[in-house]
Each structure stands twice: as structure tokens, then as C-alpha cells.
Amino acid sequence: MAESRKKQVSLRGASAQEITRDALLEKVSQERELRNYNRRAAAAALFIQRVWRRYSVTKKISVQLQDEWEALVNHHDVLMTSRWISCSLLRPFLFFITYSTTVHQKLRYKDVKHMLTCFKILLESINSTVSQKNFCSLATGTLDERRTLLYQAKRLISVCLFILAECDYTCAGEQDTIFLTTLAMRLVVALTDPKGWMSISSENIRDSDIAVKELIKFTASGKSHLYSNIRRYIIKLDPRFAQSRKTGLQMEDHFLITASAVTLALRPFQVIQSNLNDSGLLDVQDIVEQYCVFILTIPWFSQRLPTVLLRALKHKSIVLQCLRTLLISKEKIFLDMSKLDQSEGTGICPKEIPAVGWALANIINLATESENASADSQRFVQGLNCKLYVHVSITIAENLLARFKAVGQIKKETHDCQNTIYDSRGTFDLDSCGTETIGSLKMSYIDLLKPVHLQWHLMTLLTIVNKDGFILEPETSPDQSLEHSGKLELLDIVYFYSYMLRIFSYFNPTVGSLPILNMLSFTPGFLVTLWGALEDSIFLGKNHMTEDDKPCTSGVPGNQNDKSFQKKQRRTAKDAGNKWVTVLQKITGKSSADVDCMHSFNYSGASPYESDSCDLWDVEPVRQGPQGISKDMSCLLHLFCATYSHLLLILDDVDFYEKQVPFKLEQQRKVASVLNTLVYNGFFHSNGMQNVPLMDAAVRCLHLLYERDCRHPFCSPSLWLSPARKNRPPIAAAARAYEVISTTLRLGDSSTIPGTSSVIATIPHVFPFAERVQMFREFIKLDKDSRRMAGEVARPGPGSIEIVVRRGHIVEDGFRQLNSLGSKLKSGIHVSFVSECGLPEAGLDYGGLSKEFLTDISKTAFHPEYGLFSQTSTSKRLLIPNTTARLKENGIQMIEFLGRVVGKALYEGILLDYSFSHVFVQKLLGRYSFLDELSTLDPELYRNLMYLKNYDGDVKDLSLDFTVTEELPVTEELPGKRVVIELKPGGKDVAVTNENKLQYVHAIADYKLNRQILPLANAFYRGLVDLISPSWLSLFNASEFNQLLSGGNHDIDVDDLRNNTRYTGGYSEGSRTIKLFWEVMAGFEPEERCLVLKFVTSCSRAPLLGFKHLKPPFTIHKVACDVPVWALIGGQDVDRLPSASTCYNTLKLPTYKRPSTLRAKLLYAISSNAGFELS
């Protein structure tokens, strides 16, 4: 109590009940806040009363003036003079019309009637030649009259521009509004054109010029909102300009209004170019900035206007002024464009195509023209400064890509667009924006960029680079010093097309960039020129490691100005022109008179780049990945990789290896080494997250070169291994890190993937094959450990899967009992065999019988006579699914089951003695097969297609069409039938000609290599991935997959086999027969040693990692055979043949005494394929 009383105070005048100090202060604060609130509320109430009183008075006066004005205009014919128009007609009219448009923000029917009446009177007055009746004659009157004229004319211009913005052709019953807009545009054009002032004499021309200057100054300023109102009008025009639905009168009004709007938009530019702006009356910079922000960002701007009006907009005085201003004031203009997006939602979904994107498309369209609809007649507009055009396009494209990146749209398709979509009225519907609409929008936008992917566009720019030119017209005016400060460089073109590729890819990640890639790939000399620049920079020390990364403002930095570079560029361009003639002739269907055959490919030929030195292939300038190179080199590499990877898709082996176009093999090795080093270090140092477009293009190009090298080597093996030779992690650590990828990717956070794991996932070839095999086995080991911890059965024993298999129906019984298990097949299998007599066979399965089951079922099911698989017609006789298998009962399910059988063999490390076709394995690895791989599948068809591709005559004479005929197998139910399959829709009606023969060749190859076997490959893949993760398979190429499945080379290491052999039954390493056996094995031919291995293990190839990984281990079991002494003295030996238990990898070897006998008996046993014996 005493403590609480100390905190209380007694205040004079307070009530008997005492309060604390804190409570008193809080009470005083609340009372102060209440008084302040009451004062603010009273002030607000007074302000509202004043506003409302003013509004009421203004409304009352407006209504009164409107009534008086209506009565007045009925007698204007008698009273009309210029002063009467100014004082009696316009003064009240402007008052009540301004009030009405300000309050309602739209045109009312009553206001339209008043405006029609007033504008008719004004136009009649302005067209009058009588000075007293002409409203414009006030410009030559007293000072007050001139001021009044300017004030009223400015107000009229504002009202007329508001009418223009409200004009809408799509609304029904708007004929009066359209007619009003026509009068309004005629009025504004007349007021801003001194030639239209009929009553002005030559003595008063100076006064009229001053008045016109003031009106144009007002019109061009932001106060009139000229460009924003024109934008609102044009954006409502139908991009298709549907003239057929309008009458002749409507079309006349439509054209008049649009032409007047364009005239007003260009009026300030005319003043700038004339002598009317000598005194600096207009703010040129501000005018052009407004034009760029409001006019150049109109979606489909060129498509909304008649062609005759576009010619004025494409005039060099307009285009060049916009390009200069965009380059000088880019930051301010881009900021205003961004604000425009936020304020009105430019176009369709501004996140998809912002205002800066429409500016890019419109500038490209305004900078090009065509005499007719054909692409051959297209060109740049006369007088265009190409350097300025390219630099401005680069600047805008860079900003556009930054916008995409900022909203997280790079390489993504937006499925939940929350913005609005455009309709015919220029409005936006929040609810109707969908994926289909977004897709059509993007394709429509790509069509606007069509000039970019036409060859004339690139060829014109390259011609200017080669001629050191800047401009397409011979004369150069003195005031064009800005754009003539330098010449157009190759690097300018590189930046331009690199950014365009990224933009095309964004709008359509699948096929969007194909048009531009087609053009770049087949432009003579361009690809070789790109590599020449890169080769000089990387290998000759002319690096682009500069700090200046701003090519758009002060020229693109680099060393292309050096004389040596120019000499190299001219030389490579000349060589490329010769080399590419043949390729282009093939594409166009034209033949060459003669082709210079280069020397055929020979990998063993002498070349300094065929050395096994790893340092030679670890290219130093790119050892830090994308983050260690300049912006210039990054763009060069990006454009080169994207273009070359596209060309590699259709470049056949004859061109690549024999004719060596576009590059010689020595250059191909350099390209591979640069990309290999760049990609490896890009992933190793930054997980590939730096410069994603470059990394994507480089990875794609590197994969295509590596796959071609796997099929037909042109590089030293050390080239692919060189980047990772010094810092490869231990196998177990790499495997465990790699397993993180799948989990991380499922969580959607690719930024946390370790760099080493990214390397393994993307370019596993930098690791030696043996190490990747160890990784594969480590993955399986980790999977088995995780399954064991989860309580799943992983080994034979109690709880394993038990099946009973009849020897004569091994495939059917296996399919019936195991097919439905899926991934459970990873568990151990306990197999019991039933003999052909129907009796259970003796024996316990501790892994041997399950191995025998897998080898026997695969041997039966994969045999061509079974009908599920067939052999290729090449000498290797590789396996590929039989296309008629889908017609068999459960054919697809059987193929899927065989995928599980192969997966089980790989999972358990059991070797199967067969190999698949590379084309089929490519499908299992998720890779596409191209034309040249057809030679491994059907050499005869490949030769025929190559003959057709290089056919010099008229292909029409061969009577081919875009179809292929398949013959169904002859069965009892189906006596045989031919089925015609179209290679493309309507293919049976499309004849093969010289123009489309290349398309036909690739269509046939695509059908044979991809489409025909895809359903069967997918079925096999579904079964395979039940046991083997796709990420594990991605470590290998097609050839390596076959080695993983069936073992190593076609010879065995006798010493390795001897060191990993187990002896049973009384044999030991020192036994006489064992010593004789190894002596005989060493003397065998490689093929004979492989037969011995197949005799014992059922597979003729050794395990990839050596015999220590053979499960069960290679075993030699003693078979005791006593021979009398007198028989030995007489030269006799044991007569019994060796036998084997393949399920246990056991050789049952009698006790031979002589090496000749052992050799003869062993050869007889392995040749006759006899000797399986179950102990």
C-alpha cells in the first residue's frame, strides 16, 4: 500500500479520488488528439462546402449559358463575324463543354449535337475568304484579340483531341460521334496549318506564323495530351483493318480521321525540320520522347494504319529522329514506358509483352519496307542509318530481356496470367486471359519480327560491315554526326541477333527460334565468320576481356578494328562462301556442276591436335566459365553455339567428315575443346546459373558434337576428359552428391544443386567411362541400402519373390509371374525350374538359378525367331524392337516386361550377351536420332536417301510422295497387308520435288529412326525405369550402355581373371591342372578366350570393372578322374569333357595331365556348346 501511494500525486482542483501521473498524461493526450481531429473535420467540411457550392454555381451557370447559346446559334447566319464567333459563340461554348467533359469524362449525346453545330460554324468561318467573317483573322488584330484567339484555339484543340480519344468504330449507333470526330480533326488541322487560313494576306503572314507557332507549341506540349489521345484512338483500330464491313462513307471518314491523327502526330517533326523552329520554340527532345513512349508502343501499330500513311511514318526525318532520341534518353524513355504499363496495361498481358517489346517490333517494322508482299522485295527504308538502327534495337532488346528476367519469365510459359487481354474496343478482360490466348498473342508478336529472320536483313548488314559503310544513301548531311561517329561492326550484328534469339526463344521455347536459326545457319559465310572472330580472340590472344560492356552507347568494344582481324574476316568469309555453296544448293534443291572432293576423314592423320596431352584441350581463356569472359565474347559464343547446334542437326556425315564444311576437322576439335572447357567450368564454378542462355546453347552444341564423335570419332579421347582431370571428386562422394539432384529438383530449387552434381548430370563424359560405371554401381548400392533400411527385401532368402518356371515356357511363365511387380522386382528372386518332363529340378537358388533364369529368358525372348526383336541389317546384327511386335498378343506388355528383365540384370550386375541398336538405345536415353544414324539401322535405305539428296536431275521423275508403305506379317488370321502411312498431313497428295526433297529425306529418316519404334521404345523404357533410374542411365551414351549391359572388350585379361578365380573340390592355385589351364588360356586366341568365358558365365565379355566385380566369382571346380598308370605311359589322358554351371559361373574341370589334352577337350566343349550339368 505504501509503495502504490508513492506513485500517486494530489492535484489542485482534482476530485476526491486521486489519479496517477501516467493516467493524467494519457487523458490529456487523448483530449488533444480529439481537438485536432475536430479542427481537421471542420476544415474538411468547409472545403467540401466550398467545392460543392462552386460545383452548384458552375453547373447552374453552365446550364444557363447552354440554353442561351442554343437560342443564339439559331440566328448565326445574320450575326456571324469573327468577333461574334469569339465572344458570343466560343466563350459560352467552351465554358459549358469543358464543364461537361470534365465532369462526365465522356461524350454525351447532347454535347455531340452542340459540338457539331459549333464546329460547322467554325469551319465555315475559317474557310471564308472574307476577313471579317474568318475567325483566324483575329491573329492580325489587336493584342487582346490575338490573345483571345490563342486561348480559345488552344481550348478547342484540347476538346478536339478529347473527341479523337473517345472515337470508337466498334460501337453501334456512333455515326454522329464519327462525323463529329471528322469535323474536330479538320478543325485542329486547319488551326495548326497557316495555309488553311484563307483570309490571311501576304502582309499579315508574319502574325499568322507567330500564332501557328504558339498553337503547334501548345499541341506538342504535354498540356494538350496530343500523343496520349492519338494513342487511345489508334489502339482502338482493328489491326486487321476490316474494310469490307464498312460502307464507302464510313471508310472515307475512317481514313480522314486516321490521316488527320497521323498528320497531327508528325506536325511537330515538320516544324523541327523546317525553319519555323530556328528560335528554339519547340522542345525537340520532349516531343520525340512523347512520340516514342505513346506512339511507338502501340500494339500492332503498323498493322492498324493504312499503307499510304505508313510511308510518312517511315520517312527518314521521323525514324532517325526517334532513333537518336531513344539512344540519348533511353533511361527516361524506358522509365516512362514502364509507367505506361502500370497505368493502362499496354497490349495483352504487359508481363508477356510490355511496352518496350512493342517499341522493338514497331521500330523494326518502321525501318523496313517492301514494294510488294514478297520477301525478295523487302529492304531497309531509304536513308536509314543501319548502325543507329542496330544499336537502338540492341538497347531496346536488352531492356526487354531484363524485364522478362525481372518478372521471372525467362524460359517459362505463364499459365495463370492475371492481367487483361485485348479486345476490339481496346479494353481488357481479366477473366478471359488463358494459355491459348497467350500463345496466339506470342505467335502474333513473332510475326511482327519477321524482317529479322529474313536473309536479306542479315546480308544487308554484313555488306555494310564489309564495305565499312553506315548509310544506304550516298549523301550524308552535316547534322548527322551522331550516328556517323563510327562504323557498323560485326559485334553489333552479333549482339543484335543474340538478343533476338533469346526473345524468340522466350515467346516460343519449342520452335520460336527456328526461323531465325534457319536463316543464320544458311547465310553464306556467317557461321565461319563468327568462329573466325572467336578463334582469333581465344587462340591467338586477341581476347575480349574488356571492362566496357556497353555496346549500345559508344560502339561495341573489341579488336575487330585491327587490320589482322579484317584480313581474317575477309578470308574466312571468302572461304565460307565457297564451302557453303554446296550446302545451300542442297537445301534449295539445286545441283552443283562439280564438287571439289576433299580428303576423306582419317582420324589417325597427323595433326598437332590429336595429341593425348590434356593441357592442349583445357582452353585457358574460358577456364572460369561464363563469369570469366567478357560480355562481347559471351554474345559471340551464344550466337555461334545456337547457330551451329541448329546446323549440326541436319549436317550429314559426308559434309562433316569428307567435305569438311563448314569447318575442317582441326577446327571442329577446337570448337569442341572450347565448349567442353566452358561448360564444365560454368557448372563447376557456378552451377550453370551464370548466363543461362549461353550455357543452354553451349550445352546443346557440345552434346551434338559429342554424340557425333561417339558415332564416328574425330577427337582424341583426352579432349573430353581434359577439363576435369585435376579436380574430379572421389567416386563415392560424387555419386552421393549427384543423388541430391533429384530431390532438389523435385523441390524446385535448382540453385542449391552442387556444381559437381550439375557436371555429372549435364556433361558426364568429362569423367572416364570406368569412373561412371563405378558411379552407376554406387547408385545401385545406395538404392539397395535405402531399401534395406526401409524394410524391403533386397537379397535372396526368406521373403524374396518365389517363382516356378517351366523350361519350355520360360518367357511366358516369367511374364505371368513377374510383369505386375514393377519396382518390387528389385527384391531377390527365388527360382525353381520344372524340367520338360514336368518334374521339379533339384537345386537350391542362392543367386545362381536367378542368374540362369535372367540369361535364359533374355536369350529366348530377344531371339529374332520369337518375334519381339529383330536384328539390324548391318554386320553387327544389333537388336531392335520388331515393329510387328505390337500386333502380337500382349506384344507391348511383353516388350515392357523385357525392359524390366534388362533393368534387373543391370541392377544385379549380371551381364547379358547381346547389344541393342544405337537408335533404340537413343530412345531409352531420351535422345533424338538424326539422318546419319540411319546408316547403323538400314544401310541400304540410307544410301538411297543420300542418292536422292544429291540427285542432280528432276526428282519429280521418280514419282515419290510423302508416304511410306509398311508390310504387315503374314499370319493365319491376317494373310498379309500393306499399309500406307503419311509422313505429314496430306502427304499422299504432296509430290517430292527438288524444292522439298531435303524435307522428304529427313521425314523418312525421322519416321524410321523415331516415329516407327517410339511406341515400342516407350514400352521398354517404362519397364526399364522401374528398376533403373533415368538419371543413372544419363551417365552413358548408346555405345557405353551396351558395354554396361554386355561387358567390356572382345578379349579378356587372363591375369585379372586368374587373380580373381576361386578354386573348389580340391583344386588350388598350385595344382598341376590349374597351371596347365592358365597356360592354355594364355595361348588361346582372343575369340577362344571369350568362348571359354561364355561357356562358364553365359556371357562372352568381361565385367567392365574387372573380374573382381563378377558375381558369383569365376570358379574352377575339380572333377576327379583316375587314369591307370599304364594308360598314362601309353600316352592316354582323361577322356571326360569339361562342363560348366553357368548359374554359379563354375567351370568343372577334370584332372587333365597334359596341356594338349586340356586344350583339345576345352576347345571341343566350348565349340559344341555342351556341358551344362547341375551338381
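Trainee: Which residues is Tyr644 in contact with, leaving aside its neighbours within four places in sequence?

Mentor: Keep in mind that this is a predicted model, where local features need pLDDT of at least 70, side-chain atom pairs count only at pLDDT 80 or more, and totals for chains, interfaces and linings use all residues. Numbering runs from 1 along each chain as its sequence is written, and side-chain values use heavy atoms, with hydrogens and water left out. Contact here means heavy atoms within 4.5 Å. On that basis, the partners of Tyr644 are Leu527, Phe656, Pro662, Phe663, Gln668, Val671, Cys701 and Leu705.

Trainee: How many residues does the largest nonpolar core have?

Mentor: A nonpolar core is a set of buried (under 20% relative accessible area, 1.4 Å probe, protein chains only) Ala, Val, Leu, Ile, Met, Phe, Trp, Tyr and Cys residues joined through side-chain atoms within 4.5 Å. Tyr644 and Leu705 are among those with the most contacts inside the largest one. Its residue count is 298.

Trainee: Is Thr192 buried or exposed?

Mentor: Thr192 lies in the loop between helix H7 (175–191) and helix H8 (205–220). Its side chain makes a polar contact (N or O atoms within 3.5 Å, one able to donate a hydrogen and the other to accept it; residues adjacent in sequence count only if both atoms are side-chain atoms) with the side chain of Arg267, at 3.3 Å. Because its relative accessible area is 3%, Thr192 is buried.

Note on methods. Buried < 20%, exposed > 50% of the residue type's maximum accessible area, 1.4 Å probe, protein only. Helix = DSSP H or I, 4+ residues; strand = E, 2+ residues; numbered from the N terminus.
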